[in-house]
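Here are my notes for your first read of this model. Keep the structure open beside them and check each point as you go.

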Amino acid sequence: MAFKVNDVEITSILNAGFKTGRDSENLIDFATTDNKLIFRVNNVNEVEIVANVLQPTTSDGAALGTASLMWSDLFLADGSVINFNNGDMTLTHSSNTLTVAGGTFATAALTATTINGVGTATIDGDLTFTGAQSITTSAGNLTITPAGGQTIIQAARTNNMLALT
């Protein structure tokens, strides 16, 4: 793009310390550091762009949206990680699997057609099924299939107890 001022054509403006904006407190700073753009609002450097990264200038320094002005969609690549507090807890995607790591996953409600688990599941409270139900393990031979099936099997186990009420 080119524009003319008094018959002088300007095709580019290059300046290592260039800043442009409404005033000195609200601007885009092209910085004296190579490969960095800084966005300043109300005299605070809020967001910066460096090679391949759009980031806040300080940790916990900027929100992505508000309670009333929300983004509509988030598209992430295969292998993406959502990282909370520098790895305290992460959500990682890989090959149709979403992995929660580093903490406790808590939910008020969980709706699913199939839940596959490995390891220990702890339920603090009641486990309630509606519709067709089934709980199955193969190694421990625990099979519960009420709601029409009327099958309850518990293989003999040492020092374990199954209470059905």
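1. Contacts along the chain. Start with how far apart in sequence the touching residues are. Take the contacts in the protein with a separation of 6 or more: residues 24 or more positions apart account for 0% of them. Keep in mind that this is a predicted model.

2. Secondary structure. The protein has 13 strands and zero helices. Reading along the sequence gives the pattern β-β-β-β-β-β-β-β-β-β-β-β-β.

3. Burial and surface. How much of the protein is buried? Buried residues are 8% of the 165 residues. The accessible surface is about 14,400 Å². Carbon and sulfur atoms hold 53% of that surface.

4. Salt bridges overall. How many salt bridges does the structure hold? There are four. Three of the residues involved, Lys-19, Asp-29 and Arg-40, are linked in a network of salt bridges. The next points take the pairs in turn.

5. Asp-29 with Lys-19. These residues form a salt bridge, and their closest N and O atoms are 3.8 Å apart. Asp-29 sits in strand S4 (residues 26-29) and Lys-19 in strand S3 (residues 19-23), so the pair ties together parts that are 10 residues apart in sequence. Is Asp-29 buried or exposed? Its relative accessibility is 8%, so Asp-29 counts as buried. Lys-19 has a relative accessible area of 45%, which makes this residue partly exposed.

6. Arg-40 with Asp-29. Here the side chains meet in a salt bridge at 3.9 Å, N to O. Arg-40 belongs to strand S5 (residues 36-41) and Asp-29 to strand S4, so this pair ties together parts that are 11 residues apart in sequence. Why does Arg-40 count as buried? The relative accessible area of Arg-40 is 17%, and buried means under 20%.

7. Arg-22 with Asp-23. This pair also forms a salt bridge. The closest N and O atoms are 2.2 Å apart. Arg-22 is exposed, at a relative accessible area of 69%. Asp-23 is partly exposed, at 29% relative accessibility.

8. What to look at again. Go back to the network of Lys-19, Asp-29 and Arg-40. Asp-29 pairs with Lys-19, and Asp-29 also pairs with Arg-40. Asp-29 is buried at 8%, and Arg-40 is buried at 17%. Lys-19, by contrast, is partly exposed at 45%. Trace these residues in the view, then find Arg-22 and its partner Asp-23.

Terms used. Residues numbered from 1 in each chain as written. Predicted model: local features only at pLDDT ≥ 70, side-chain atom pairs only at ≥ 80, totals over all residues. Heavy atoms only, no water. Helix = DSSP H or I, 4+ residues; strand = E, 2+ residues; numbered from the N terminus. Buried < 20%, exposed > 50% of the residue type's maximum accessible area, 1.4 Å probe, protein only. Contact = heavy atoms within 4.5 Å. Areas by Shrake-Rupley, 256 points an atom, 1.4 Å probe, with all protein chains shown as cover.
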